[in-house]
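Please look over the sequence and the structure first.

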Amino acid sequence: GYAELPTAINITWSSINFKTILQWQPKPSGYFYTVEIHGQTSDIKKKCILTTETECDVTDVLRDVKETYTAHILSVKSAGMDNFEEPPFAVSEKFTPYTQTVIGKPEIKNYTQKGSKLNVVIKDPLTPYTFPNGSFQSIQDIFQQDLEYKLYYWKDQSSGKKDATTKSNAFDVSIESTKNYCFYVQGIVPSRRENRNGQESIVLCTSVGRNILDEYGAEVFIIIAAIAIVVITLAIVIPVILCKRKKARAAREKEPLNGV
């Protein structure tokens with residue numbers, strides 16, 4: 001019976017913004033898996049009962065995000081859950097959602113560059129967990145004062161970065177009014193020992209006062225200038241050549257015919 005069933009290997013937790021998926025190997029053949037989630041202070045909860053899959057969404061049984069959990073992945077036969085023989089199982093590493101879930105990409109809600117100020121407003125990533133009224137909790141609702149946002153910004157087409165940090169959803173930083181700036185944002189949980197920095201948002205750039213050099217670069221400007229010089233030169237040289245040819249033709253026509 002059970003002693004011959006293989007147990008799960010390569011068990012991993014994958015979690016972003018508290019949505020947590022448990023994954024393992026190998027694909028079962030002739031048997032099934034059942035997942036048990038064990039908390040240090042909570043009851044055992046079963047998920048993905050008699051599954052032939054090798055992953056399981058366990059988000060809804062990890063609602064106490066500060067609890068530390070382990071997963072037992074049982075290898076069972078179809079009728080094996082009803083007898084008294086303990087099925088073989090494998091145990092995962094410990095997982096604490098509050099300290100290990102990855103902070104996902106923040107969304108940049110809007111941004112403006114007015115004079116010497118760059119203003120950037122962030123929208124918090126949402127989690128799968130809800131309030132009693134059914135609305136989704138954001139990561140800031142869960143982390144509260146433990147969560148910070150960091151803004152990285154730099155002059156367009158420059159490599160020198162500056163950064164600013166806030167516990168709110170808005171940045172207001174001083175910049176050069178005549179330059180365009182690019183920037184991105186990421187969430188940070190400074191109290192963590194690992195996984196402190198979250199995923200980076202997309203990079204956006206302002207477009208105030210862009211000129212042809214900012215848009216296309218000095219190389220294109222040099223090429224355009226060279227073409228203009230060639231055109232001007234031809235405009236001067238061609239009329240001179242035509243004029244000389246016309247004078248030469250007129251001179252030949254005035255010469256007396258030979259033998260007259």
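**Salt bridges and exposure**

K47 is buried, at a relative accessible area of 18%. Buried means under 20% relative accessible area, exposed over 50%, and partly exposed in between (1.4 Å probe, protein chains only). The model is predicted: local features need pLDDT of at least 70, side-chain atom pairs count only at pLDDT 80 or more, and totals for chains, interfaces and linings use all residues. Residues are numbered from 1 along each chain as its sequence is written, and side-chain values use heavy atoms, with hydrogens and water left out.

**Count**
- The model has six salt bridges, each a side-chain nitrogen of Lys or Arg within 4 Å of a carboxyl oxygen of Asp or Glu.

**D60 and K47**
- D60 forms a salt bridge with K47, with the closest N and O atoms 3.2 Å apart.
- D60 lies in the loop between β5 and β6 (69-76), and K47 in strand β4, 13 residues apart.
- Strands (E, at least two residues) are DSSP runs, numbered from the N terminus.
- D60 is partly exposed, at 40% relative accessibility.

**K19 and D57**
- K19 pairs with D57 in a salt bridge, at 2.8 Å between the closest N and O atoms.
- This pair links distant parts of the chain: strand β2 (residues 19-25) holds K19 and strand β5 (residues 55-57) holds D57, 38 residues apart.
- K19 is partly exposed at 42%, and D57 is partly exposed at 31%.

**K27 and E53**
- A salt bridge joins K27 to E53, the closest N and O atoms being 3.7 Å apart.
- K27 is exposed at 53%, whereas E53 is partly exposed at 42%.

Definitions and conventions: Helices (H or I, at least four residues) and strands (E, at least two) are DSSP runs, numbered from the N terminus.
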